[in-house]
Structures are given as structure tokens and as C-alpha cells.
Amino acid sequence: MDDQIEVIIPSLGKKILNETIDKLNNGSIRPKNIICVIYNNKKFVPKKNYKNLKFFYTHTKGQVSQRLIAFKKTKEKFILQIDDDIIIDFDCLKNLLISIKKLGKGNVVGPVYKSFQNKPIHVIKKNKFQIVFDLYNFLICNSKFGIKKSGTLSQIFLAYGIDPKLKYKDRLIKTDWLPGGCLLTYRSDFISNPRYPFSGKA
């Protein structure tokens, strides 16, 4: 167990949340607390009653609002924000913790995302037809060209994830943008007053 890490999970109470919780509690590092805030679904009951698991129910709709409710119940040094359908690898939390400590405050770290078939979700394709797509992104969307798009955010806010098949000098890759499904940061860097007035996903 790592007394410095707490996990916050916004959820609708889907069954896959059980697997997310199991993987968090059975990895190489176990968080001190896992705080789930479930929107309007008191029918959901976790399969296992872990001692570090806390449930709260809300009528407040939207991931941003649910994360904020969970955040207000935390007090440890590091916060892992994770979606209820993310299944992490055994050493994921350990590697994220090593990375954030190396980078220090003012940073956020996240993993490379893969599908249930173990294929990378974010792929920058390289083939003869791709040049048309690359030109469109470069000329119309103001993105970087070709494989340089990996991990960037264009001037019109199109986000391109990290393609793990590309060759990088370092294991830690600096990005303009990270998917919000699984992020670790210092609690002091967490935005506790988000200016996001909309319900639903953000």
C-alpha cells in the first residue's frame, strides 16, 4: 500500500468498475484510498469490499463535477484520476509514481493506452495514402506534419495521442495533451475549482 496515493473515479456504476478497482488493488503498488463517485445509480454494489474503497452517490451529472466531489475527500500527496473502464497493468501505478516524482510538481503523467486486444489506441499511420490525411491536418487543422503530430495539440485544439510504436529517445515523452482517462499528479496541482459549466464528459 502507498500511503501517498489516492484514486478518484467518476462513474455511472457500470460492471466494469469492479475490474478497474480489482486491478488498482492488486498491482505492485496499492493506493491508500479509492474514492468512487457514482451518478444516480445506487443499485451498483462492488463485488469486493476492499478496506480502501469508499463510495459516494450524487445527483450531480458530469465527470468534472464528480471528480471534484471525490477530490474534496482526499488529503494525500498524489492523486490518480482514472475513468471507471480503465484496466491498468500490474506496474502501471508504480511507473506513474516514479515518473511524477522524477518530473516534480507542475506536471501530470499518464500511460500509453491500449485496446482490450492489446493494440495501441493512438496510432500515427505511415503509408502512401496517409500523405493526403497529413496534408489536410497540416494545411486545414494547423497540426504538425506526419509522425511529428504524436502527442501534440493543434492550434484549433485537435489532440493527437502518443503512438508507442514510434521511436522516442526517452521513456518519458513530453506532450501538449494527455487523454484524461488515467492521470497522476500532485494533489497541490489538481484544479479544485474547474471553470467547466457543462454536464457530461469533458
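Colleague: Which residues have the most contacts inside the largest nonpolar core?

Modeller: Happy to start there, but note that this model is predicted: local features need pLDDT of at least 70, side-chain atom pairs count only at pLDDT 80 or more, and totals for chains, interfaces and linings use all residues. Residues are numbered from 1 along each chain as its sequence is written, and side-chain values use heavy atoms, without hydrogens and water. A nonpolar core is a set of buried Ala, Val, Leu, Ile, Met, Phe, Trp, Tyr and Cys residues joined through side-chain atoms within 4.5 Å, where buried means under 20% relative accessible area, exposed over 50% and partly exposed in between (1.4 Å probe, protein chains only). The largest core has 28 residues, and those with the most contacts inside it are Ile9, Leu24, Ile34, Leu80, Ile82, Cys182 and Leu184.

Colleague: Which element gives the most to this core?

Modeller: Helices (H or I, at least four residues) and strands (E, at least two) are DSSP runs, numbered from the N terminus. Elements giving two or more residues to the core include strand S1 (2-11), helix H1 (16-25) and helix H3 (92-103). With five residues, the top contributor is H3.

Colleague: How many salt bridges does a search of the whole structure find?

Modeller: A salt bridge is a side-chain nitrogen of Lys or Arg within 4 Å of a carboxyl oxygen of Asp or Glu. Glu76 forms one with Lys32, the closest N and O atoms being 3.2 Å apart. Arg67 and Asp83 also meet in one, at 3.1 Å from N to O. The search finds two.

Colleague: Is Arg67 buried or exposed?

Modeller: Arg67 lies in helix H2 and its partner Asp83 in the loop between S4 and H3, 16 residues apart. Helix H2 (residues 63-71) is mostly covered, with seven of its nine residues buried. At 8% relative accessibility, Arg67 counts as buried.

Colleague: And Leu139, is that residue buried or exposed?

Modeller: Leu139 lies in helix H4 (residues 130-139). Its relative accessibility is 59%, so Leu139 counts as exposed.
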